[in-house]
Amino acid sequence: MSYAQAEEEIQLDQTIDQDPHAAIRDEVRKLCADFPGPYWRDLDREGAYPTDFVNALAAGGWLAALIPEEYGGSGLPLSAAAAILEEIQHAGCNGAACHAQMYIMGALLRHGSEAQKRLYLPQIASGALRLQAFGVTEPTSGTDTTALSTTARREGDHYIVNGQKIWTSRAEHSDLMLLLARTTPREQVAKRTDGLSVFLVDMRAVKGDSLTIRPIRTMMNHATTEVFFDNMRIPADALVGEEGRGFRYVLSGMNAERILIAAECIGDAKWFIEKSTNYANERVVFGRRIGQNQGIQFPIAKSYARMRAAELMVSRAAALFEAGRDCGAEANMAKLLAAEASWEAAEACVQTHGGFAFAEEYDVERKFRETRLYQVAPISTNLILSYLAEHVLGLPRSY
């Protein structure tokens, strides 16, 4: 059975199982066809943001998938959002330019006031506003979120924000930022997770004044930045939910984030496997196709098997999430397994292409750099293993 036939079998299985997202996948693939490799290569070379691509997704309603219909969105389940992002990556595009809008949305949907939802959600759904920036990580605290030092002090009907964030991707291309800041000093709280609050900041009112954004050039075109707050005044009604409960609000959205990132990794893996298979079937060396060599076959076949296994975990995690059940372990395992599967497929793709893998025109080196990120972000492999060791296996806490 060829790779193409295997894919047909999977599609057949999905038809038999009445995959509710088959039509979504088809439409996303059609949209992505308008943004082929040369489009992404030019952006990558210039370090530019894919504005046209993001606008096309917004115009098609794909970025509003998780927004309820009453606020102008599609009201789709998380598995539909995962299908959208997977197909974007599978097509060779890069959903990292806009994926945050999907998983940031949860904090506003679950904990925002009705006034906040009425004000912002319809504009986000229409594409008039972008909610792409997530201000959590800081230079000194890293993934130890409870140690962050950015403060928000209440002063009348405003909060005064001071501090710094790093790896705040898309801040330059977003209108709104979901910001986590300390509202009660750490030494005054009973638990280290207390005293943190979430704010929905309208950056249009403070950019270039009390909010400074500095781009960070990285090995992939990820539009990431560091952000500085200097006595930034934001209205008190920018607070999302209750003061001091922000860590819980952010934590509640992390499972969705992991599942969606995992779906992207599955899409990346599929792209690499297809690219490898096609090249191995076409490339002739020593008078025969290189795909006949087991040294080429086995790494591709192994990455295919691992991708399919990871895909099942992503599906399982999404199903638990949609059922309202605890899916912390499954979401973390989905991200871990999918990121490893995409990286293994990337390695196989580079080895299959040999020297041509490093040529821009093949897109392999670009996708290779992009998918490497997910071994580190949005949560590192080691932290996932620590979580599983402690919360699933009952081993002592390691940090």
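The lining of the largest pocket draws at least two residues from each of β1 (131-135), α8 (246-282), α10 (328-353) and α12 (381-392). Those labels come from DSSP runs numbered from the N terminus, with helices being H or I of at least four residues and strands E of at least two. This is a predicted model, where local features need pLDDT of at least 70 and side-chain atom pairs count only at pLDDT 80 or more, while totals for chains, interfaces and linings use all residues. Residues are numbered from 1 along each chain as its sequence is written, and side-chain values use heavy atoms, leaving out hydrogens and water.

Back to the pocket: α8 gives the most to its lining, with eight residues.

| Class | Residues in the lining |
|---|---|
| Nonpolar (Ala, Val, Leu, Ile, Met, Phe, Trp, Tyr, Cys, Pro) | 21 |
| Polar (the others, Gly among them) | 17 |
| Charged (Asp, Glu, Lys, Arg) | seven |

Now for helix α9 (residues 294-322): its 29 residues reach 42 Å from first C-alpha to last, close to the 42 Å expected at 1.5 Å a residue (the expected span is 1.5 Å times one less than the number of residues). After α9 comes Gly324, with a positive phi near 75 degrees.

Leu388 sits in helix α12. Leu388 counts as buried, at 12% relative accessible area (buried is under 20%, exposed over 50%, partly exposed in between, with a 1.4 Å probe and protein chains only). Setting aside residues up to four places away in sequence, Leu388 touches Ala329, Met333 and Leu393, contact being heavy atoms within 4.5 Å.
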